Amino acid sequence: MTPAELSRTVMRVVRSAVDEGALSVAGEAVPDAVKVERPRPGGGGDYASGVALKLAAAAGLPPRRVAEVLRQRIADQPGIALVEVSGPGFLNITLDRGGRHEVLQDILEAAIPYGYGDSLRGQSFEFADVSEERGRVVTEVVVRLLQSQGAVARIGRTGEPLPLVASPESRLSALAGVDAARWAYLRAARHDRPRTDVEGLLAQRESNALFRVRYAYSRSRALTRNALELGFEGEVGPVPDGEALLGLLSDHPGVIESAARHRAPDRLARHLEAVADELLRFQHGVLPLGDEKPSAAHRNRLALAEAAGTVLAGGLSLLGIDAPEFL
């Protein structure tokens with residue numbers, strides 16, 4: 001279950017509780033969407049939601065009482081293993097581990113658009129054209145992120161684009177190449193200066209985050225080719241030793257939505273780094289070793305690696321960066 005799917009599940013439960021009279025809340029007080037996120041320090045479960053706190057005043061009940069009304073109803077939903085109430089009324093939700101691998105099928109079927117949604121449908125954004133290189137790249141990607149969530153977004157240009165102006169980072173693309181420059185601009189948070197050392201941006205080694213992300217994608221493609229030579233293909237199924245990677249892939253839609261809402265492409269870039277690092281750790285057990293014959297476990301691991309590669313390619317595409325199959 002992806003964060004977006006979990007959000008919709010909790011939203012359905014809230015509406016059901018209101019419709020059935022378990023919560024006396026006027027229709028206009030019911031939120032249009034429910035936010036789920038990773039638990040804060042001290043919290044439990046896979047995800048947490050503060051929807052009970054938002055409904056408490058309208059329901060005329062303490063937040064913890066609202067949370068208790070929702071707790072069992074959410075726990076009864078498919079794909080949910082446990083729901084607990086913590087703090088003033090947070091719902092801590094643990095997903096059913098047995099079915100978590102099903103998200104891989106969603107990824108492999110959706111391909112590049114995995115993580116796109118409609119949470120911002122009906123909203124419109126227009127951004128002014130800018131004449132500074134980094135600002136132009138960031139604005140372009142923010143527009144792309146907003147569009148991926150169903151929003152109408154565009155850069156309002158009149159006539160020809162403004163000429164680039166000199167700045168400490170200007171023309172980095174001419175020195176390091178378009179992809180490396182874009183990564184430098186987008187990986188840095190809004191308040192941080194981007195990396196501008198050309199040698200570091202082009203280095204083909206682990207210290208270069210862009211290299212790791214692209215290398216991890218190319219490894220996922222190599223695993224598929226090597227598996228075909230051994231006579232087997234990926235097959236979606238449980239991967240007990242892939243929980244960390246599976247969790248990151250499940251988080252991907254929520255990361256894209258968060259990056260869009262906060263206009264922060266760096267959130268997506270950091271997430272791609274985490275996926276790449278975990279895939280590079282996981283890849284060593286994907287293919288049979290020595291005389292070992294391909295088994296169901298190998299097929300399941302390959303499907304997980306292929307899904308990770310799909311997420312990396314899709315994320316780089318949103319950032320406007322190429323994902324080479326051979327590196």
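## A buried ring and its partner

F211 counts as buried because its relative accessibility is 15%, where buried means under 20% relative accessible area, exposed over 50% and partly exposed in between (1.4 Å probe, protein chains only). Y215, at 30% relative accessibility, therefore counts as partly exposed. Before going on, please note that this is a predicted model: local features need pLDDT of at least 70, side-chain atom pairs count only at pLDDT 80 or more, and totals for chains, interfaces and linings use all residues. Residues are numbered from 1 along each chain as its sequence is written, and side-chain values use heavy atoms, leaving out hydrogens and water.

A search of the whole structure turns up one aromatic pair. F211 and Y215 form this stacked pair, with 5.6 Å centre to centre and 10 degrees between the planes. Rings of Phe, Tyr and Trp (its six-membered ring) pair if their centres lie within 6.5 Å; planes under 30 degrees apart count as stacked, over 60 as edge-to-face and the rest as tilted. Both residues sit in helix α9 (residues 209–229), four residues apart, or about one turn of the helix. Helices (H or I, at least four residues) and strands (E, at least two) are DSSP runs, numbered from the N terminus.

## The annotated domain

UniProt, in an unreviewed entry, places "domain: DALR anticodon binding" at residues 213–327; such annotations may be inferred rather than shown by experiment. The span of residues 213–327 is 67% helix and 0% strand, and its end C-alpha atoms lie 11 Å apart.

The largest nonpolar core has 64 residues, of which L146, W183, L249, L268, L312 and L319 touch the most other members. Such a core is a set of buried Ala, Val, Leu, Ile, Met, Phe, Trp, Tyr and Cys residues joined through side-chain atoms within 4.5 Å. Helix α12 (residues 296–318) gives the largest share of this core, ten residues.

Leaving aside neighbours within four places in sequence, L319 is in contact (heavy atoms within 4.5 Å) with residues including V141, R144, W183 and L268. A second, separate core of 31 residues includes V30, V69, I74 and I80.

## The sheet and its helices

Three strands make an open, antiparallel sheet in the order β1-β3-β2, where strands pair if DSSP finds at least two bridges between them. The edge strands, each pairing on one side only, are β1 (47–49) and β2 (80–86). β2 and β3 (residues 90–95) pair over six bridges, and N92 in β3 is the bridge partner of E84.

Helix α3 (residues 63–75) packs on the sheet, touching β2 and β3.

Key. Axes are lines fitted to C-alpha atoms, for helices over the stretch in contact, and angles run from 0 to 180 degrees between N-to-C directions.
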